[in-house]
Amino acid sequence: EVVSLERLIQAITASDFTLVPGQITDTGITVRTQALPDGKTFVHLQKDQLHQFQLQGPPTAGSPFKGPILASVVFKEGAERFDVSVTDQEEPLAPYTEWLKSQRLDQTPLTQSYQPSPRDSRVDQLTQTLVEGLANTYDQALIGLDALNEGPVERTADLLRHYQALGGVPTTSNKEREIRTGEVIWMGILAVHYTNRTGSLEFVPLMDTIGQYLLSHQQADGGILGGPLISIAVTEHNLDALAYLGMMAQLQTRFKDMTWSIDPTQVQRGVAQWLVNRAFVGKDVDGDGDLDGSFQRAQDDSIFATDTSTVGVLAIAAVRAMNPQLAKETGLDRLDLASLMRNAEQRALVGSQDYVKPDGKTVNVSLFRFQGDNPVSPRSLEWTGQATVAYQVLGEFSNAQARLIDLRNASLKDASGHKSLGYAAEVGKTFSDGGWIATAYPAVAPTVWFKFAEVGLNPFVLEQKQ
């Protein structure tokens, strides 16, 4: 039986509705919304002939972000079937929030990045020693962003005060003294979001110090080095920098008393040129004027790292919306973002394969590996979460929903009822040339990215102030 679209909508919303005029995003998605009497929101997303209808629950009090998706319908014009997903929990993210809270390190504002107990015998002793009590700086930024989403914002302020008080730019973690550009930038991203939300200028010194760091590590070709002791530019770091510098510029237009010691747009322009001319490999395959292809992992490094596609979609889409003129002048607007995900799917998506959870339960899921073209690279729950948000940004609703269901099925539940996501589905080297050792322990990064996917949050986009 062919079920009419109207009947499905009526069943989901149980309410009459009148959609507001559509707003078209930078990726060509038309968004229409309608507030419902019970605090829920009805949303219609459309890209070409593909539609998604969502019923969203109320957001957490004080949150600027939309609430969890309680039900959704994916509808393609001319099709006779619909992809329907219904979530029966009113607050499906609460168990994940409680798990994150439970990982707080005593006497500090930090959260441990992994829950490394009970011990996994597959993890070597060196890695085990590292992850015990480890608070990676990027993970702390994710914790702060999650707190901004759900509250209280003071949790975010505590983290930022901790890092600003240390002086200079943040190191990689509480156990590693090395400085890596990616971790540095993510703490800046957190500070930008906090400043934009609260209007407080308390962390301008931290943001400006990070901006100075980026300028001082920028090469003549525009790429920013991976750190003081890293002599190459890493693609994912530069994608982070592209967005962060754009957000710095946005803050300056919103807060007239704010000044920077650098010109963030000028530094951003160089990063954009490096990404287009040095990191991206592709050509106009279908004659539409856009460049189809993928990013290299780093300068003169042809290995395919999946996060260059997932983060690439999120960062470039955000920057195109922030500054269309810069995107046009640097060639960012010619990169086909959908082709980034097609490359990730072809090279790194492992379809319908068993995942044995730490408790021995097995689920069949489709997840992305860390490294493409490498059949022994572990499958990453974090980068699958990033991919889910990227699909949402692209308007590829069916793909997003499929990965979201996989992540829900892959979730871990402890004796207290708290839920999390494991860092990886397997234990082992992330990349063929080494990389780092992935563990299967419950971890902050995949858990927070899953929450971002559930609420459709791109962390490279600043909340619009009225």
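Colleague: What lies 3.0 Å from a polar atom of the W260 side chain?

Modeller: The backbone oxygen of M248. A polar contact here is a pair of N or O atoms within 3.5 Å; within protein, one must be able to donate a hydrogen and the other to accept it, and residues adjacent in sequence count only if both atoms are side-chain atoms. This is a predicted model: local features need pLDDT of at least 70, side-chain atom pairs count only at pLDDT 80 or more, and totals for chains, interfaces and linings use all residues. Residues are numbered from 1 along each chain as its sequence is written, and side-chain values use heavy atoms, with hydrogens and water left out.

Colleague: Where is W260, and is it buried or exposed?

Modeller: W260 sits in the loop between α8 (235-254) and α9 (264-279). Helices (H or I, at least four residues) and strands (E, at least two) are DSSP runs, numbered from the N terminus. W260 counts as buried, at 10% relative accessibility. Buried means under 20% relative accessible area, exposed over 50%, partly exposed in between (1.4 Å probe, protein chains only).

Colleague: What does W260 touch?

Modeller: Leaving out residues up to four places away in sequence, W260 touches V204, M207, D208, M248, L251 and Q252. Contact means heavy atoms within 4.5 Å.

Colleague: And how many residues of α8 are buried?

Modeller: 17 of its 20, so α8 is mostly covered.

Colleague: Changing topic. How many aromatic pairs are there?

Modeller: The structure holds 13. Rings of Phe, Tyr and Trp (its six-membered ring) pair if their centres lie within 6.5 Å; planes under 30 degrees apart count as stacked, over 60 as edge-to-face and the rest as tilted. One of the pairs is F370 with Y423: the centres are 5.7 Å apart and the planes at 35°, so that pair is tilted.

Colleague: Where in the chain are those two?

Modeller: F370 is in the loop between β12 and β13, and Y423 is in the loop between β15 (419-422) and β16 (428-431), 53 residues apart. F370 is buried, with a relative accessible area of 0%, and Y423 counts as buried at 6%.

Colleague: What about W383 and W436?

Modeller: Their ring centres are 6.3 Å apart and the planes at 70°, so the pair is edge-to-face. W383 belongs to helix α13 (residues 381-394) and W436 to strand β17 (residues 434-438). W383 counts as buried at 4% relative accessibility, while W436 counts as partly exposed at 35%.

Colleague: Which residues form the aromatic cluster?

Modeller: Y114, F370, W383, Y423, F431 and W436.
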